[in-house]
Amino acid sequence: MIIPVTAVFAAITAMLMLFLAWRVTTFRRKYKTALGDGGQQDFQVAIRAHGNLVEYAPIALILMAIGELNGVAAVYIYGVGMLFIIGRLLHAWGFIQSRGGYALSRMIGVLFTWLAILIMALLMLINVARVSL
């Protein structure tokens, strides 16, 4: 029982998460702050960019893994995975560049993330209906 497609996107997500965590750690060292953001906006943005990925990644990857295990076609998993990764990259980049303010790339990133989760959920329901009937 292997899930190579989900594994690819889990690895990419992990690398993005580590990059964003590294940014938080850099600010912690810079401002000598072990807890919180020390009132520094860029630090707060780094914390939220990391936190936002951590909040969305588990459900997206769980849906992809369950879908892959239950026979959703790999091409659909790849499509959803790419949509999710592009969305997370756009969100992080836009969030950081705008210092937490409005950025079109951030909004598109959120839309892509939500679409990836919605599409994967629908694919799983369609797959369950297909194999159950």
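The model is predicted, so to speak of local features a pLDDT of at least 70 is needed, side-chain atom pairs count only at pLDDT 80 or more, and totals for chains, interfaces and linings use all residues. Residues are numbered from 1 along each chain as its sequence is written, and side-chain values use heavy atoms, with hydrogens and water left out. The protein chain has 4 helices and 0 strands, where helices (H or I, at least four residues) and strands (E, at least two) are DSSP runs numbered from the N terminus.

**The chain as a whole**

- Read from the N terminus on, the elements run α-α-α-α.
- The C-alpha trace spans about 60 × 30 × 20 Å along its principal axes.
- Of the 133 residues in the protein chain, 39% are buried; buried means under 20% relative accessible area, exposed over 50%, and partly exposed in between, with a 1.4 Å probe and protein chains only.
- Among contacts (heavy atoms within 4.5 Å) with a separation of 6 or more, 68% are between residues 24 or more positions apart.

- Helix α1 covers residues 4–31, and its 28 residues should span 40 Å at 1.5 Å a residue; the end C-alpha atoms are 41 Å apart, which agrees. The expected span is 1.5 Å times one less than the number of residues.
- Buried residues of α1 include Val5, Phe9, Leu16, Leu20 and Phe27.
- The partners of the buried α1 residues are α2 and α3 (74–97), against which they pack.

**How α1 meets α2**

- These two helices pack at an angle of about 165 degrees, with their axes 9 Å apart. Axes are lines fitted to C-alpha atoms, for helices over the stretch in contact, and angles run from 0 to 180 degrees between N-to-C directions.
- That angle makes α1 roughly antiparallel to α2; angles under 35 degrees count as roughly parallel, over 145 as roughly antiparallel, 65 to 115 as roughly perpendicular and the rest as oblique.
- By class, 21 nonpolar, 3 polar and 4 charged residues form the contact of α1 with α2. Here Ala, Val, Leu, Ile, Met, Phe, Trp, Tyr, Cys and Pro count as nonpolar, Asp, Glu, Lys and Arg as charged, and the others, Gly among them, as polar.

**How α2 meets α4**

- Helix α4 (residues 104–132) packs with α2 at an angle of about 30 degrees, and their axes are 9 Å apart.
- With that angle, α2 is roughly parallel to α4.
- On the α2 side the contact includes Tyr56, Ile59 and Leu63, and on the α4 side it includes Trp114, Ile117 and Met120.
- The residues of this contact divide into 11 nonpolar, 2 polar and no charged.

**Helix α3**

- At 1.5 Å a residue, the 24 residues of α3 should span 34 Å, and its end C-alpha atoms are 34 Å apart, which agrees.
- Arg99 follows α3 and has a positive phi, near 55 degrees.

**A closer look at Ala46**

- Ala46 sits in helix α2 (residues 41–69).
- Its relative accessibility is 1%, so Ala46 counts as buried.
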